[in-house]
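Colleague: I'm new to this one and would like to learn how to read salt bridges. Could you walk me through some?

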Amino acid sequence: MARVVVVSNRVAVPNRDGATRAGGLEVVLRSFLKRNQGVWFGWSGRTVAKGEEQVRELKHSGVTYITTDISRGDFQEYYNGFANRMLWPILHYRLDLVEFSSREMAGYLRGNEMFADRLQAFLEPDDVIWVHDYHLLPLAKALRERGVENKIGFFLHIPFPPPDLLTALPKHERTILSLCHYDLVGFQTDNDANNLADYLTDECRMPSRDRRTFIAGTRMMRIGVFPVGVEMAEFERLARRMAKVTAVREVVRSLADRSMIIGVDRLDYSKGIGTRMRAFEQFLTSYPRWRGSVTYLQIRRIDETVGRVNGHYGEAAWTPIRYVNRPYGRSTLAGLFRSSRAALVTPLRDGMNLVAKEYVAAQDPEDPGVLILSRFAGAAVECQAALLVNPYDQEAMAAAIDQALSMPLDERKARHSTMFKILSENDIKDWGTRFIAALTRPVPVAVPRLAASASSYLAAAE
Ligand code: ADP
């Protein structure tokens with residue numbers, strides 16, 4: 001098999017003990033690379049003065065890590081500016097939060113060109129290149145301009161909205177249409193994939209076969225769906241051993257037989273934690289019989305509603321909402337999930353949401369908790385057996401909490417086993433292999449002539 005070169009903004013480079021600090025994306029990529037002995041290229045995590053950027057190479061457990069510094073100015077525009085103040089809100093359907101600046105867009109394109117220059121120096125002709133996430137949308141275009149003809153795939157970990165939102169991005173063809181330089185573009189869900197197909201068909205008038213294979217100039221670009229999963233069996237094993245984890249034992253003891261509802265989120269507006277807190281407040285108002293017998297544990301975010309709910313409903317012996325703002329080990333999280341009667345996973349928009357899947361993995365199949373899940377999380381496609389909610393509807397969320405806490409054992413078991421089975425069939429171990437197989441699958445060589453309208457559009461985008 002050809003060498004796989006993974007490219008992502010962040011790289012989980014092991015330290016001297018082989019340990020790394022990593023988020024969701026890095027965990028997924030690391031488990032793929034460990035099995036495939038490839039190269040992982042990206043930003044070093046350091047910003048330096050212009051002209052002092054260094055490239056470093058490190059080998060560890062069969063994986064080669066190559067990282068580059070970025071100049072402070074480029075980082076500000078490429079990462080903080082365009083990627084996070086422009087692309088992140090637009091791709092999460094939040095036009096109200098977008099702050100466009102053409103200077104930052106130029107910095108974003110320059111950042112990608114810099115990555116392309118550095119990466120090209122290490123490439124071999126047979127390498128298969130796999131690029132990740134919204135920081136690097138135009139990387140293939142920059143590589144193609146440098147003469148790189150290797151197979152290049154792209155996977156977007158976050159949502160991809162419909163054309164009406166994409167076209168609100170000034171000069172959207174410079175970033176969105178540049179996806180056509182990849183051989184394969186992968187998404188978390190069909191909805192995301194269809195949105196790119198709609199954009200290319202309706203906005204750019206590009207011809208396609210089945211709206212999944214597009215003809216872009218002299219190349220073919222395919223669109224695929226590759227939902228990210230979790231290591232179900234491994235997470236279940238961790239959860240089963242929860243009695244051994246002191247932190248979990250202490251939380252369970254402190255509940256004094258009350259039911260626990262859990263929320264675990266990164267601090268980001270897309271996670272909808274404010275609305276969720278207000279839904280919990282509404283739940284205590286509308287379903288007073290539960291007061292005193294349910295505790296909601298929100299890990300990682302402090303919100304002003306917390307103070308209001310606790311002030312209003314709290315008693316000396318009962319704090320309705322507990323919040324904890326710190327990282328936990330996998331075993332502790334798994335144990336806390338298993339100890340919770342329900343999980344509130346209610347992002348306003350989420351590419352996938354691994355917490356939802358981890359919660360299902362962690363449950364005791366004989367006495368499982370209930371997943372309350374936003375219909376706008378990518379995970380909702382596989383978790384139809386969850387209590388699906390509209391995260392903008394506080395009353396419906398309050399009712400879902402009541403339904404989860406009252407749900408009979410038979411129904412809980414049925415919902416859990418349905419989801420566990422579906423999620424186990426999409427274990428993360430196969431995810432990268434499936435993407436690379438799709439990327440390297442031979443495609444027909446005959447490329448039909450490009451429709452005149454599409455070719456002029458592409459030319460105008462240059
Ligand atoms: P996102 O990638 O948008 O942050 P996901 O739910 O897809 O959201 O992934 C988050 C990952 O981070 C999950 O694997 C989850 O277990 C982990 N995580 C979230 N909060 C914590 C925490 N406080 N401590 C440790 N891990 C956490």
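Colleague: Which residue meets Glu 77 in a salt bridge?

Modeller: The general idea first: side chains of opposite charge can pair when their charged atoms come close. Here, in this predicted model, Glu 77 pairs with Arg 110 through their side chains, with 3.0 Å from N to O. Glu 77 sits in helix α2 (residues 72–91) and Arg 110 in helix α3 (residues 102–120), so the bridge ties together parts that are 33 residues apart in sequence.

Colleague: Which residues are linked with Glu 77 and Arg 110 in a network of salt bridges?

Modeller: Lys 50, Asp 74 and Arg 103 belong to that network too.

Colleague: Where do Arg 415 and Glu 411 lie?

Modeller: Both are in helix α15 (residues 409–425), four residues apart, which is about one turn of the helix.

Colleague: What does Asp 96 form a salt bridge with?

Modeller: Its partner is Arg 94, and the closest N and O atoms of the two are 3.0 Å apart. Asp 96 counts as exposed, with 54% relative accessibility.

Colleague: How many salt bridges does a search of the whole structure find?

Modeller: That search turns up 32 of them.

Definitions and conventions. Residues numbered from 1 in each chain as written. Predicted model: local features only at pLDDT ≥ 70, side-chain atom pairs only at ≥ 80, totals over all residues. Heavy atoms only, no water. Salt bridge = Lys/Arg side-chain N within 4 Å of Asp/Glu carboxyl O. Helix = DSSP H or I, 4+ residues; strand = E, 2+ residues; numbered from the N terminus. Buried < 20%, exposed > 50% of the residue type's maximum accessible area, 1.4 Å probe, protein only.
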